[in-house]
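Visitor: I would like to learn how to read this structure, feature by feature. Where do we begin?

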Amino acid sequence: PVPSPPGARVPAGAPRQVTAGQLRERGNALFQAGDHAAALAAYTQALSLCDAEPERAVLHRNRAACYLKLEDYAKAEADASKAIEADGRDMKALFRRSQALQKLGRLDQAVSDLQRCVSLEPKNKAFQEALRALGSSMHEKMKTMSCTDSKVEQMFQILLDPEEKDVDKKQKAAQNLIVLAREEAGAEKIFQSDGVRLLMQLLDTAKADLMLAALRTLVGLCSGHRSRTMAILVELGAPRLSAVLGVEHEQVSLAACNLLHVMFDSLKEGLQKDFRGKEDAVVLDSSKDLKLLIKHLLELLALEGASAHGRDNALNLLIKVVPRKSPKETNNTLSLWVIDQGLKKILEVGSTVCGAPGSLPVTENSRMSASVLLSKLYDDLKCDAERENFHHLCEDYVRSWFEGHELAGKLRAIQTVSCLLQGPSDAGNRVLELEGIMDSVLSLCASVCEAHQLVAVEALIHAADKAKRASFITANGVSLLKEIYKHSERDSIRIRALVGLCKLGSAGGTDFSMKQFAEGSTMKLAKQCRKWLCNETIDAGTRRWAVEGLAYLTFDADVKEEFVEDKAAMQAMFHLAKSEDRSVLYAVASTLVNCTNSYDHEEPDPQMLELAKYAKQHIPEQHPKDKPDFVKRRVRKLLTAGVVSALSCMVKSENPALTNSCRELISRVFLALVEEAEDRGGVVAQGGGKALIPLSLEGTEVGQTKAAQALAKITITSNPEMAFPGERIYEVVRPLVSLLHLQRTGLENFEGLMALTNLAGISERLRQKILKEKAVPMIEGYMFEEHELIRLAATECMCNMAMSKEVQELFLAEGSDRLKLMVLYSGEEDEKLRRAASGTLAMLTALHPPICKRIPQVTVHWLEILQALLLSPSAELQHRGAVVVMNMMAAEREVAEQLIASEMLEILSVLAKDKDKP
C-alpha cells in the first residue's frame, strides 16, 4: 500500500481516490487550457484534502487566479488574503489581491498591495507598470471627485433614486462614498455638499444596505473631528441615532454602535484634525452633547420596542465611553451623572426574568453586560459618600420590586441581587442582607416552577461565591443544594445546584490539605459536570454551568488530570468558548488557568515554614499531581485538543464578557502554552501569535506583561517574519519594549532583550520602530546590569541596533561613554560578551568611519584590547578584531600610523600565515 502523504485528510472507511497534490496538478493543467471553472473545482477539492498550511496557501492563491478570470472579485480578494495570511511575502497573492481590489473600487488598498510587491521585487517591470497605471487612475479619480461637488451629488442621486434598479451601480456608489469619507478632503467635501441631510434620507429609507452605507460614511465624517461631529449630532438628532441602534437588523445596529463610539471619541478628545479655523472659534464645551447621547442610550435600555442586540450594543457603548480609562484621570463626573440618571435603567436589564410576562427582549449576554457596566461604574467611584449613594439606589430598586409586587416582584428583586453579585459584589452583598431576601432565595429554591427555581438557585450560587455569605450558605444551603441535586427531575436545575456545591467545595483553592467535602466527592461532581458538558441535547446556556462547575473543581489536581484525559469534554468546552454565549468566557479561562497551573504561586520561605509548624499554624500543601512534569503533560494534551484556536476565538470577542481580568487569565494560559520551545511553532500556526498582540496592548498590567512575555518567547525561538507575517511584526515591538521597564522581573527583561535582538537584525524599518518606542536608553541601561546574561543580551541587542545611522551617531555624542564601554567589553573575560561587543565595534567602524578616529581617544588600553582579540584562540574573536583593525587603518592616516608603530603588523603577519584559520 502507498503511504499517506503528509497533510492529507481522508474520511474514515473511504477508499483513497486522488491526493491533494494530484488535484493541484490537474487544476494547473485545466487553468492553462483556459477551463477556469473546472480548475477552480479541482483546487477546491484539493483544499478539502489538505491540512498543511503552505500547500493550502498555494491552493488559495491559485483559486484567486481562477476567480479573477471568472470575474468574481470579492472571492478572489478573500482567497488571496488567506494566502497572504500564511505568507506575507507571497508576491503572486499580493498582486492578485491588488487586481481584485482594483476591480472592487478599493484603490487605496490595491496601491498598498502593489507597493509591497515592488518593495519585495524592485526590478519587476510588471509590478512597476501596474503601480504607475493604478497611481495615475487614482490621481484621476481624486481629481474628478475633488474638482466639483457634482460627483458627491451623483453618488447620492444613484443611492436615493427609487427607479435605479442596478444593484452593482448602487453598491459602487455606496463604496465610493465610504472611501471618500475616510480622507479628510473627501469628508469635508461631503459635509459641505449638504451630505448630512442626504445621509439622513438614506437612514430614513429603512433599507439595510442604504442604512449601512450612510452609517459607515458618517463614521468617516466624525472620526477625530469635534466640530463636524457636533454639527452632525444637531442635524441628525440623538433620538434618531438611538432609534437606529435599537433596530432589529443586527448589522445595522452594530454599524450604528460603531458610529456612536466614534462620535463619543471625537466629542471627548476634542480637536485633533480640525482645519476649519472660523468654525472652531465658536466650538463650545461638548459635555452637553455627550450627556444627551448617553441619556438616549440609557432610555434605550428600558425601551420595550428596542431589539435585544440593540440593548446589548447600548450597554457595550456605555461600558466603553462612560468610566474613566485610567485612575490618573481625576474627573469621574460622567460616571456619577450616569449613576444618578440611569442606574435604575441598567438594573431593569439586569433584573429581567426571561420568559416572564412583559419582560424586556434580551440576549444570553445582556445580563452579564449589565453586571460588567455596574461593576465599572462602581469601580469609578472615588469616595465613601459616592459608594453609599450607589448602595442606596440599588437597595431602593430591590425594595421597590420586593415589597408589594407579590411573586413576580420577588423574582425581579432576586434577579437584581444575582446581577449585582456578578458585578459590584459589595453592592450585591448589601442587598442580600436586606430583610427577607435570603429567606425568599432559600424558599424559592424548592419551588415547583422551573423558571422560579432557576432564578433562586442562580442567586444562591452567586452568593456562595462571596466569602461574606459562603459560611452562612455552607450552614444553610448545602443540604438544600444536595437535596435539589439528588431529587430534581430537571437537568437545568440539577446542573446549577451542582455548581453551587462545586463553589462551596473548592473553598480551599489549590491547598491540598483544605478540602470541604469527603474524599471522592469532588471527583464525582467533576465527572457529572463533564457528562453534562458533553450532552449536546442540553441547551448551551445550561451546559455553560457545567464549565462554571469545572472552573471551581479544577483547583483539585486529580480533577485536572481526569479532565485532560477526557478529549470529548475538552472539545465540548472549546466549542462553547467559540459560541455566541460569551458569558462562558471567564469560566473557560479559569478552568484552563487551573489545568496549566498558570496562576501565581510563591514558594514559601523555609524559615517561615518551620516557624508555622512550631506555632501549629496551617501550612498549605501542594498536590503531588501539580508538580512540573504533570503540568507539562497536561499542557501537551490541551494543545493536541485544540486549545489555541479556542483561545484565539475568545480574544476576538468584542463582548463586555471579555473583561480585563478575563484577558489576564487568557494571557496566563498562553504563557504556559509557550513555555516549551518545541510547542511554540504549533501555537503560532493555530493563530496564537495573532491573538497575543491585542492581549499585550490592552487589559490589566499583569495580563499585558504575561502576553508580552509569551510574544518574546515566540520571537526568540521562531523566525519572527514567519510567526508575525506582514505588518503584524511591527505591532510586536511595543509589547516587547514594555518588558524592559524597571518594574519587570529579570527574566522578563532578559527575554525582552533577546526578542528585540532578533527583530533588530531583520530590517531598518523594524530598528526605526524600536527607536521610536524609546527602547535604546533602556537597552543601554541593561548593558551595565550586574547579571551577566542580561548584560550580554543588552550588548547583543545594541550590536544589531548599531546598523541604524541614528544609533551610530549616539556613539559619537559628546560626553558619552557608549564607545568606551564597547571597547572595554571587547577586553572582558566573558567570551560571549567579548563577541557581542567586538561585533558591535566591527559594525560601527565599517558603517561609520568617524568612530575609527574616536576609539584611541576613549581608553589608553585600546591597543592591547585589539591585540588580545587577534591573539585569542577563538576564530570568531580574531575575525572581529581583524575587521576592526582593517577599518581603522583604512579610515584615518594618524590611526593607521599608531597601529603600524605597535606590534599589530607582526600579529597580523603571523595570523596570515596560519593555514588552519579561514
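Guide: Begin with the surface. This is a predicted model. The accessible surface of the protein chain is about 43000 Å². Carbon and sulfur atoms hold 53% of that surface.

Visitor: What share of the 918 residues is buried?

Guide: Buried residues account for 52% of them. Here, buried means under 20% relative accessible area.

Visitor: How many helices and strands does the protein chain have?

Guide: There are 55 helices and zero strands. Contacts then show how the chain comes together. Take contacts between residues at least 6 apart in sequence: 69% of these join residues at least 24 apart.

Visitor: How should I read a single helix?

Guide: Start with the general idea. An α-helix has 3.6 residues a turn, so residues three or four places apart point the same way. Now take α3, residues 53-69. Its 17 residues reach 25 Å from first C-alpha to last, close to the 24 Å expected at 1.5 Å a residue.

Visitor: Which residues of α3 are buried?

Guide: Ala57 is one of them, and the run from Leu59 to Leu68 includes His60, Arg61, Asn62, Arg63, Ala64, Ala65, Cys66 and Tyr67.

Visitor: What do the buried residues of α3 pack against?

Guide: Their partners are α1 (20-32), α2 (36-49), α4 (73-86) and α5. Look just past the end of α3 too: Glu71 takes a positive phi of about 65°.

Visitor: How many aromatic pairs are there?

Guide: Ring centres must lie within 6.5 Å to pair. The count is three. Consider Phe95 and Phe127: their centres are 5.4 Å apart and their planes meet at 40°, so the pair is tilted. Phe95 belongs to helix α5 (residues 91-103) and Phe127 to helix α7 (residues 125-147), so the pair ties together parts 32 residues apart in sequence.

Visitor: Are Phe95 and Phe127 buried or partly exposed?

Guide: Phe95 is partly exposed, at 22% relative accessibility. Phe127 is buried, at 8%.

Visitor: What is the geometry of the Tyr485 and Trp532 pair?

Guide: The ring centres of Tyr485 and Trp532 are 6.3 Å apart with planes at 75°, so this pair is edge-to-face. Tyr485 lies in helix α27 (residues 478-487) and Trp532 in helix α29 (residues 521-534), so parts 47 residues apart in sequence are tied together. Both Tyr485 and Trp532 are buried.

Visitor: Where does a charge sit over a ring?

Guide: Look at Arg765. Its charged end is over the ring of Tyr730, 3.8 Å from the centre. Arg633 also lies over a ring face, that of Phe630, at 4.9 Å from the ring centre.

Definitions and conventions. Residues are numbered from 1 along each chain as its sequence is written. This is a predicted model: local features need pLDDT of at least 70, side-chain atom pairs count only at pLDDT 80 or more; totals for chains, interfaces and linings use all residues. Side-chain values use heavy atoms; hydrogens and water are left out. Helices (H or I, at least four residues) and strands (E, at least two) are DSSP runs, numbered from the N terminus. Buried means under 20% relative accessible area, exposed over 50%, partly exposed in between (1.4 Å probe, protein chains only). Contact means heavy atoms within 4.5 Å. Accessible areas come from the Shrake-Rupley method with a 1.4 Å probe; for residues, only the protein chains shown count as cover. Rings of Phe, Tyr and Trp (its six-membered ring) pair if their centres lie within 6.5 Å; planes under 30 degrees apart count as stacked, over 60 as edge-to-face and the rest as tilted. A charge sits over a ring if NZ of Lys or CZ of Arg is within 6 Å of the ring centre and within 35 degrees of the ring normal. The expected span of a helix is 1.5 Å times one less than its number of residues.
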